[in-house]
Amino acid sequence: MAEFIEKKSSGNFVVLDRLQDPGNIGTIIRTADAAGYKLVIAMKGTADIFSPKVVRSATGSLFRVPIAFMENNDELIDFCAKAKKKLTATCLDDSKFYYEEDLEDNIALIVGNEGNGISTPIRNLLNERLLIPSYNLSDTAESLNVATATAIICSEFRRRF
């Protein structure tokens, strides 16, 4: 891991915090690849990265984007600190619009479990909280799919780059 930090210190990471749906995982890996993210980190509790459905939905990106596996939050926080990454996630509370924040370089975009979001210990340590505004006037959409939200944030990075 230390070699990766030295060689790839510039660039963004995506952190999968206990995601369970293989389709979402593969789609996020594919999106990260397309947007030029340098690393995908799978936290313990994330579904099998190499399951057939992840491999299919990642369509080759799984073999282009390095994947790191982290056992716990302390390991993630230490790794991101050494790599000088800002812990960033989409949240509804105390957040700023994603298009107003600096997403150009050196963030670790944490995407959380489909049902529970990001873990509380990580949530409490975020450097940046991003809000994707909803224009749904009927208020029937509670939130976006995790892969869709990730694509919006990654696309904003690519748009600015």
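This is a short tour of a predicted model, stop by stop.

**Whole chain**

Start with everything shown as cartoon. The protein has six helices and seven strands. Trace them from the N terminus, and the order reads α-β-α-β-α-β-α-β-β-β-α-β-α. Now colour by burial. Of the 161 residues, 46% are buried. Switch to a surface view. Then turn to contacts. Take those with a separation of 6 or more: residues 24 or more positions apart account for 81% of them.

**Thr59**

Select Thr59. Where does Thr59 sit? Its place is the loop between helix 3 (52-58) and strand 3 (67-70). Check the backbone here. Phi of Thr59 is near 40°, a positive value in a residue other than glycine. Thr59 counts as partly exposed, because its relative accessibility is 42% and that class lies between 20% and 50%.

**Lys84**

Move on to Lys84. This residue is in the loop between helix 4 (73-82) and strand 4 (86-90). Its phi is also positive, near 60°, and Lys84 is likewise not a glycine. Is Lys84 buried or exposed? Lys84 has a relative accessibility of 67%, and exposed means over 50%, so Lys84 counts as exposed.

**Cys91**

Follow strand 4 out into the next loop. Cys91 lies there, between strand 4 and strand 5 (96-97). Its relative accessible area is 5%. Buried means under 20%, so Cys91 is buried.

Now show what surrounds this cysteine. Which residues does Cys91 contact, leaving aside its neighbours within four places in sequence? They are Arg123, Leu126, Arg129, Leu130 and Leu131. Pick Arg123 from that list. Along the chain, Cys91 and Arg123 are 32 residues apart. Their C-alpha atoms are separated by 8.8 Å.

**Cys80 and Cys154**

Stay with cysteines and select Cys80. Cys80 counts as buried, because its relative accessibility is 1%. Next, go to Cys154. Cys154 is buried as well, with a relative accessible area of 0%.

**Disulfides**

Finish with the sulfur atoms. A disulfide is a covalent bond between the sulfur atoms of two cysteines. How many disulfides does the model count? With a cut-off of 2.5 Å between cysteine sulfur atoms, the count comes to zero.

Conventions
Residues are numbered from 1 along each chain as its sequence is written. This is a predicted model: local features need pLDDT of at least 70, side-chain atom pairs count only at pLDDT 80 or more; totals for chains, interfaces and linings use all residues. Side-chain values use heavy atoms; hydrogens and water are left out. Buried means under 20% relative accessible area, exposed over 50%, partly exposed in between (1.4 Å probe, protein chains only). Helices (H or I, at least four residues) and strands (E, at least two) are DSSP runs, numbered from the N terminus. Contact means heavy atoms within 4.5 Å.
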